[in-house]
Amino acid sequence: MSFLKKLMVTAAFSAAMFVNAAYAENVKIALVVKSLGNGFFDAANKGAEEAAKELGDVDIIYTGPTKATAEAQIEVVNSLIAQKVNAIAISANDADALVPVLKKAMERGITVISWDSGVAKEGRQLHLNPSDTGLIGETIIKLAADYLPEGGDVAILSASSTATNQNAWIDAAKKILPEKFPKIKLVATVYGDDDSAKSTDEAKGLLKSYPNLKAIIAPTTVGVVAAAQVVTDENLIGKVNVTGLALPSEFKKFIDNGSSQAVALWNPIDLGYSAVYLAHDLAVKKEEAKPGATLSIGRVGKVTLDDTNSAAMAPPFQFDKSNIEKFSKIY
């Protein structure tokens with residue numbers, strides 16, 4: 001082969017390599033949330049984008065329905081299957097209803113994990129809990145009990161009645177009550193569907209139905225804000241304490257005005273970050289999700305899967321007057 005021909009072949013090969021590199025697609029990871037417009041999930045998306053930047057080959061598709069229903073999430077997942085995403089990381093509105101469509105996604109070669117609110121194990125490869133379920137259940141009761149030395153009536157304002165994580169936390173709370181908090185009486189559990197207006201109505205209903213109510217516990221960032229606003233508006237500060245799981249940035253004013261003494265949460269930014277790390281490593285590095293497997297969640301650390309292929313990220317952290325100012329500037 002002449003020098004000129006060699007030069008032409010080399011140039012053609014280099015050009016082809018350049019074109020392939022230029023058109024190489026990043027890994028598409030869909031972060032599917034219960035509903036859009038929720039501050040908790042917006043914060044999780046910040047973490048997802050942080051992980052994508054760190055990994056370098058990831059595009060995040062942040063999506064979810066406008067209403068927190070399983071039916072709406074099924075439509076979202078079908079759309080993602082059609083888009084041929086590489087991975088779906090979903091916080092589920094219903095543990096079982098989403099299984100068929102997520103099994104369909106996995107059959108098409110899409111990696112599927114759940115995070116925050118889980119999917120039944122048949123519909124995902126692994127699930128990332130934000131924290132240990134039993135610890136969260138105990139924490140939400142303790143947040144109320146710590147400010148009720150004589151005990152009293154409390155009620156729970158949850159998200160939807162099918163929300164996997166909420167139901168598990170409430171069950172854990174009920175189990176721990178007789179043993180550790182015998183003076184606390186749980187008089188009702190109601191559901192606001194992670195909708196501000198409905199949560200407001202449910203909080204008002206609790207106060208009307210239970211005039212001796214001492215605390216409203218809302219293990220949902222939407223519900224806890226709604227309940228605290230109701231207590232504020234109805235001049236019940238000092239009579240009814242609102243607590244549960246809250247974003248510091250959204251809840252600081254209620255700690256400041258005394259409608260709440262303390263709340264807790266994990267870092268939602270870390271949760272979104274960790275979910276993307278896990279989805280990426282399963283989709284790209286072909287890590288195997290199996291009981292006993294230890295998997296990386298980047299700067300957050302590592303998690304080890306249990307018998308259901310589930311793991312917990314971190315313990316909840318308490319926010320009160322001593323520290324909420326600092327954390328409200330972060331998330």
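Predicted model: local features only at pLDDT ≥ 70, side-chain atom pairs only at ≥ 80, totals over all residues.
Author: Residues are numbered from 1 along each chain as its sequence is written, and side-chain values leave out hydrogens and water. Local features need pLDDT of at least 70 and side-chain atom pairs 80 or more, while totals for chains, interfaces and linings use all residues.

Reader: What makes a space a pocket?
Author: On a 1 Å grid over the protein atoms alone, a pocket is an open set of points with protein on both sides within 12 Å along at least five of seven lines; a cavity is one where a 1.4 Å probe fits but cannot get out. Lining residues have an atom within 4 Å of a point. Here the largest pocket holds about 270 Å³, the space filled by probe spheres set on points joined across faces, edges and corners.

Reader: Which helix gives the largest share of that lining?
Author: Helix α8 (residues 221-233) does, with four residues; a helix is a DSSP run of H or I, at least four residues, and a strand a run of E, at least two.

Reader: How much space lies in the second largest pocket?
Author: About 190 Å³. Of its 17 lining residues, Gly-118, Arg-124, His-127, Thr-164 and Ser-310 are the closest to its centre.

Reader: Why are β7 and β9 at the edges of the sheet?
Author: The open sheet has the order β7-β6-β8-β9, with parallel pairing. β7 (184-191) and β9 (241-244) each have a single partner strand, so one side of each lacks a neighbour in the sheet.

Reader: How do you know that β8 and β9 pair?
Author: Pairing takes at least two bridges found by DSSP, and β8 (residues 213-218) and β9 have four, so they pair.
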